[in-house]
Amino acid sequence: MRFETLSVFPQVFAPYLDESIMGRAQAKGILDFEAYNLRDWTHDRHNTVDDAPFGGGQGMLMKPAPIFEAVRDISQRGDCAPHVVFFSPCGRRYDEACAERLSHLDRVLLVCGRYEGMDERAYELADEVFSLGDYVLTGGELAALVVIDSVVRLLPGALGDEMSARDESFSDGLLEYAQYTRPADYEGRRVPDVLLSGDHGAVDAWRRRSALERTARWRPDLLDSAELTDEERDFVSGILDEPDGKDE
Ligand code: SAH
């Protein structure tokens, strides 16, 4: 899969994407990455990409022209046009389902804002606009890295263990179950006995319950769309009804 970024700080991506799983994905040809510098599509001596907002107000905005020129030019390269993603706190909330959907595409161009954001007309170029969450970053580069990382780990062969990307928080609409490694007893904190039992059926049942319990406690909003049996619905209602001290 090919990811491209368009930003005024193209050099920030490699230090992350060249390491660890992302670095291996590139070496294996699973991830093909290129960072473009928006300033390459400016025509003045200072390579200006920003300007003051009409109507007044603080800060600078990204001018439409370099973005239009760059996205059009980049889109014409290669065999297929990229799926174009912009970032903004006003975008649609990015989640695992978005990552899963993007993981089936061949080519994605991530357009990163800076300053106070972009001239509104530039958004016309976007196939979709993502927000990472309800907070404001200084630029879209981190958002782009989050998207690349979360998508690439879903691509076949990116993680050592093929199964591990699918058996995780959000993959079944729930948070992940609690996990433990050695020692079985750490300063008196014992790992649940069932996990040491070697009984795979019992371990699976415990994990499902653990996932339900954690989701009910920490992210009850996820339960509305998760697929649960009647018995599991009863189990989570019991947890939701428990006084936990937080509401009192
Ligand atoms: N003035 C804008 C924020 C601009 S922040 C507003 O109030 O809505 C500058 C850039 O950082 C944005 O163009 C976007 O690319 C990126 N950015 C900031 N917060 C983000 C978020 N929550 N999710 C995704 N990208 C974000």
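**Close-up views of a predicted model**

**View 1. The surroundings of V152.** Leaving aside neighbours within four places in sequence, V152 is in contact (heavy atoms within 4.5 Å) with F3, M22, A25, L31 and A158. This is a predicted model, in which local features need pLDDT of at least 70 and side-chain atom pairs count only at pLDDT 80 or more, while totals for chains, interfaces and linings use all residues. Residues are numbered from 1 along each chain as its sequence is written, and side-chain values use heavy atoms, with hydrogens and water left out.

**View 2. The largest nonpolar core.** A nonpolar core is a set of buried Ala, Val, Leu, Ile, Met, Phe, Trp, Tyr and Cys residues joined through side-chain atoms within 4.5 Å, where buried means under 20% relative accessible area with a 1.4 Å probe, protein chains only. The largest such core has 29 residues, and F3, L110 and V152 touch the most other members. At least two residues each are supplied by α2 (20–27), β5 (83–93), α4 (96–102), β6 (107–111) and α5 (141–152), these elements being DSSP runs numbered from the N terminus, with helices (H or I) of at least four residues and strands (E) of at least two. The most is given by α5, with seven residues.

**View 3. The second core.** A separate core of 21 residues includes Y36, W41, F86 and A122.

**View 4. The protein chain as the setting.** Seven helices and nine strands make up the secondary structure of the protein chain. Buried residues account for 40% of its 248 residues, and its C-alpha atoms fill a box of roughly 70 × 45 × 35 Å, taken along the principal axes.

Definitions and conventions:
Buried < 20%, exposed > 50% of the residue type's maximum accessible area, 1.4 Å probe, protein only.
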